[in-house]
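Trainee: Could we go through this structure together, one question at a time?
Mentor: Happy to. Have a look at it, and then ask away.

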Amino acid sequence: MRRLFDTGLALVCGLALAFLVFPLLAIFLRVTPVELFSQLGNEAAVDALVVSLKTSLIAHAFVLGLGTPAAYLLANRRFRGRAVVVTLVELPLVLPPAVAGIALLAAFGRQGLLGGTLDAIGISIPFTQAAVVLAVLVVASPFYLRAAIAAFEAVDRNLLDASRTLGAGPFRTFLRVALPLAAGGLGAGSTLAFARGLGEFGATIMFAGSLQGRTQTLPLMIYAQLDQDFDVALAVGALLILVSLAVLLAAKFIPSWTSFTSIWLSRSERSISS
Amino acid sequence: MTRALALLLCALAAAAAAGCGSSGGDRLTVFAAASLADVLPQVDPAPGYEFAGSDQLATQIREGAGADVYAAASPRYPAELFAEGLVEQPRVFATNRLVLIVPSGNPAGVRSVPDLAGPGVKLVIGAEGVPAGDYAREALAALGADAVLANVVSEEDDVRGIVSKVALGEADAGFVYTTDAKSVAGEVQVIELPPEAQPQIEYLIAVVKGSARHAAAEAFVQRVLGPGGRSALERDGFGLP
């Protein structure tokens, strides 16, 4: 009976794996490495790669810069309505990106809530790279916030309290104790959010449109090329798989790397204080 | 016993494939240009419709999507598919006109095509290869107004993307078909193109080869070409061949 169960599990697992991997493999079976490489010389593909990386990196700076303190606060303070706030933060995780796109239009579009105000100070967001950055921010930041809140919550409160009683200020405690201890989780969340941002499509096409060299990101280019030149679409798809795989591998390795550095940091701290 | 389980799994997978793959049993599937989204269901509400850019639909038919009828906003893709042996002889069933639309209120003060070259005007057109986009480029070339293309802020993948961005007031102007302008008449103003810039726009319809519902597909085509189809098309602002 036990053997039967194990065999069954293995079968189901194999089926699931085949289903997930086969379509991705199919892309690489249809695109030769030569074709993939030649796409690096395709002007539109290079433009899309540059737009994608630029907007993702800018958005990611905001995600880390604003998300880390926000997550620290949400993880360490208990206040009325905290559960509501955390749920709101996670809401974009389950929302279709098309909803994010229409919400961004309703808020920042020319006819949107803030459209008149922005227009008055000479700012127009739709169809610009800023619009792409906003779209990426909305869909990607919850991935980081969620992981960061969990990572900060996992930090032993006693260590934070010890740091405070030993005379470190709250900022120093955050920087030298909480941040290194949570680094593994933060790194994993950060890479996931970056990968999700890189793949953003629905909100971008609605809010930022699609123009080569300005707002056309890699996923938008795949969609545009689908009907023009299927081979180009395949090659760009393959390129995006490789980039995403690299990001994911980084996510797998960063936790072990950061836990190593945080041990190292605390050791060097100890040797300094002794 | 293990074998039974394996069989069961295979049966499950096959059932899932069969349940999802047969695209709704006996229902006719019509792939049609986005600009036909209002009129075709009036001609015949029964079939399952998929509306998208004619070029996108052509790609899907090439990749084996289970369409029975293909109705395109340009002769190019039906001709290509016919040459590849994927559809039967395409027939012209309607014509259309390209127009310029601006949001009601006309924030950029566009009165004619040359105004589109003004500083800061946000123009949205179809991407190259999308019929509405190719026709727009043709019209601009005929007017010697290629400079206008510098003000393009987005190249959309089908005509609905253009209509919605102008109707929402996010873009200042867009080139669409007169029939699309009619569907959002309250939200946009229409600017006619000079006759010399008007491209010849023909809609073609064809039965997809190897359709499992061939008789129904042919009947649908006849219906579109017949008096019922013609009066619905005319009512929605299409021209007749």
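Trainee: At about what angle does helix α6 of chain B run to β8(B)?
Mentor: Keep in mind that this is a predicted model. Helix α6 of chain B spans residues 159–167 and lies across β5, β6, β7, β8 and β9 of chain B. Taken against β8(B), the helix runs at about 135°.

Trainee: Which strands of chain B does helix α5 lie across?
Mentor: Helix α5 of chain B covers residues 131–142 and runs at about 115° to β6(B). The strands of chain B that α5 lies across are β5 (98–103), β6, β7 and β8 (173–177).

Trainee: Which strands stand at the edges of the open sheet in chain B?
Mentor: Start from the order of the 5 strands, β7-β6-β8-β5-β9, with mixed pairing. The two edge strands each have a single partner strand, so one side of each is left without a neighbour in the sheet. Those are β7 (152–156) and β9 (188–192) of chain B. As for the twist from one strand to the next, the average is 35°.

Trainee: Which residue in β7(B) is the bridge partner of B:Gly126?
Mentor: Strand β6 of chain B, residues 123–126, is joined to β7(B) by 4 bridges, and the two run parallel. Within β7(B), the partner of B:Gly126 is B:Glu156.

Trainee: Now helix α9 of chain B: why are its buried residues on the same side?
Mentor: The buried residues of α9(B), residues 227–235, are B:Gly229, B:Ala232 and B:Leu233. They sit on the same side of α9(B) because, around the axis, they cover an arc of only 100°. As a rule, an α-helix has 3.6 residues a turn, so residues three or four places apart point the same way.

Trainee: And which residues are exposed on the other side of α9(B)?
Mentor: The buried residues of α9(B) pack against α2 (40–43), β4 (91–96) and α8 (214–225) of chain B. On the other side of the helix, the exposed residues are B:Pro227 and B:Arg235.

Trainee: Which helix gives the largest share of the side of domain 1 of chain B that touches domain 2?
Mentor: The domain assignment of chain B gives domain 1 as 2–95 + 201–235 and domain 2 as 98–197. Their contact takes 11 residues from domain 1 and 13 residues from domain 2. On the domain 1 side, these residues divide into 4 nonpolar, 5 polar and 2 charged. The largest share of that side, 3 residues, comes from helix α3 (residues 54–62) of chain B.

Technical notes. Residues are numbered from 1 along each chain as its sequence is written. Chains are lettered from A and ligands numbered from 1 in the order in which they are written. This is a predicted model: local features need pLDDT of at least 70, side-chain atom pairs count only at pLDDT 80 or more; totals for chains, interfaces and linings use all residues. A residue is buried if 20 or more other C-beta atoms lie within 10 Å of its own, exposed if 12 or fewer, and partly exposed in between; C-beta atoms are placed from the backbone. The arc is that of the directions from the helix axis to the C-beta atoms. Two residues are in contact if their C-beta atoms, placed from the backbone, lie within 7 Å. Two strands pair if DSSP finds at least two bridges between them. Axes are lines fitted to C-alpha atoms, for helices over the stretch in contact, and angles run from 0 to 180 degrees between N-to-C directions. Domain bounds come from an automatic or database domain assignment. Ala, Val, Leu, Ile, Met, Phe, Trp, Tyr, Cys and Pro count as nonpolar, Asp, Glu, Lys and Arg as charged, and the others, Gly among them, as polar.
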